[in-house]
Amino acid sequence: MAWIVLIVSGVLEAGWAVALKLSDGFSRLWPTVTFAVLATASFAGLAWAMKQLPAGPAYAVWTGIGAAITAVIGMIWLGDGVSVLKIASIMLIIGGVVGLQLAGGAH
């Protein structure tokens, strides 16, 4: 169950990162509120999961999921540039998270 909560928290991290971008420096109300709600939920899930999981792999999974999803959202919907290097880098992030798991991160 801790891994499911951690994965959902990683997805929420991507949500708060996008909301932060859309808040325009906290000058837009609803993206700012969305950021606060998603950030709180994301950190709460991470904290709960880390009570049961090793810190290094848990944090890497959380940030890796958030970073990869945020980068994809940026390229698809926010006008960030798309390149082979960016896509390869996202794949490396995912590979790193999987590698941590294969190296025995779960208990």
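A residue is described here as buried when its relative accessible area is under 20%, as exposed when over 50%, and as partly exposed in between (1.4 Å probe, protein chains only). By this criterion Trp16 and Phe35 are both buried. The structure is a predicted model, in which local features need pLDDT of at least 70 and side-chain atom pairs count only at pLDDT 80 or more, while totals for chains, interfaces and linings use all residues. Residues are numbered from 1 along each chain as its sequence is written, and side-chain values use heavy atoms, with hydrogens and water left out.

The protein contains four helices and zero strands, where helices (H or I, at least four residues) and strands (E, at least two) are DSSP runs numbered from the N terminus. The order along the sequence is α-α-α-α. The C-alpha trace spans about 45 × 35 × 15 Å along its principal axes. Of the 107 residues in the protein, 31% are buried. The accessible surface (Shrake-Rupley method, 1.4 Å probe; for residues, only the protein chains shown count as cover) comes to about 6,300 Å², and 76% of this belongs to carbon and sulfur atoms. With contact defined as heavy atoms within 4.5 Å, residues 24 or more positions apart account for 67% of the contacts with a separation of 6 or more.

An unreviewed UniProt entry lists residues 29-50, 57-78 and 84-103 under "transmembrane region". UniProt positions are given in the numbering used here, feature names are shortened, and annotations may be inferred rather than shown by experiment. In the model, residues 29-50 are 100% helix and 0% strand, with end C-alpha atoms 32 Å apart. Residues 84-103 are 95% helix and 0% strand, and their end C-alpha atoms lie 28 Å apart.

A nonpolar core is taken as a set of buried Ala, Val, Leu, Ile, Met, Phe, Trp, Tyr and Cys residues joined through side-chain atoms within 4.5 Å. The largest such core has 14 residues, of which Leu6, Trp16, Phe35, Leu53, Val61 and Trp62 touch the most other members. The elements that give two or more residues to this core are H1, helix H2 (29-50) and helix H3 (55-77). Leaving aside residues up to four places away in sequence, Phe35 touches Trp16, Ala19, Leu20 and Phe26. Ser9 is located in helix H1 (residues 2-22) and counts as buried because its relative accessibility is 2%.

Aromatic pairs were assigned to rings of Phe, Tyr and Trp (its six-membered ring) with centres within 6.5 Å; planes under 30 degrees apart count as stacked, over 60 as edge-to-face and the rest as tilted. A search of the whole structure gives five aromatic pairs. One of them, Trp16 with Phe35, is edge-to-face, at 5.7 Å centre to centre and 80 degrees between the planes. This pair links distant parts of the chain, with Trp16 in helix H1 and Phe35 in helix H2, 19 residues apart. Phe43 and Trp62 form a tilted pair, at 5.2 Å centre to centre and 50 degrees between the planes. This pair also links distant parts of the chain, Phe43 being in helix H2 and Trp62 in helix H3, 19 residues apart. Phe43 counts as partly exposed because its relative accessibility is 44%, whereas Trp62, at 3%, counts as buried. Ring pairs link Trp16, Phe26, Phe35, Phe43, Tyr59 and Trp62 into a cluster.

Helix H3 has 23 residues and reaches 32 Å from its first C-alpha to its last, close to the 33 Å expected at 1.5 Å a residue; the expected span is 1.5 Å times one less than the number of residues. Its buried residues include Pro57, Val61, Trp62, Ile65, Ala68 and Met75. The buried residues of H3 pack against H1, H2 and helix H4 (84-102). After H3 comes Gly79, whose phi is positive, near 80 degrees.

Ile90 lies in helix H4 and counts as buried because its relative accessibility is 8%. Beyond residues up to four places away in sequence, Ile90 touches Ala68, Ala71, Val72 and Met75. Ile90 and Ala67 are 23 residues apart in sequence and 8.2 Å apart in space, C-alpha to C-alpha.
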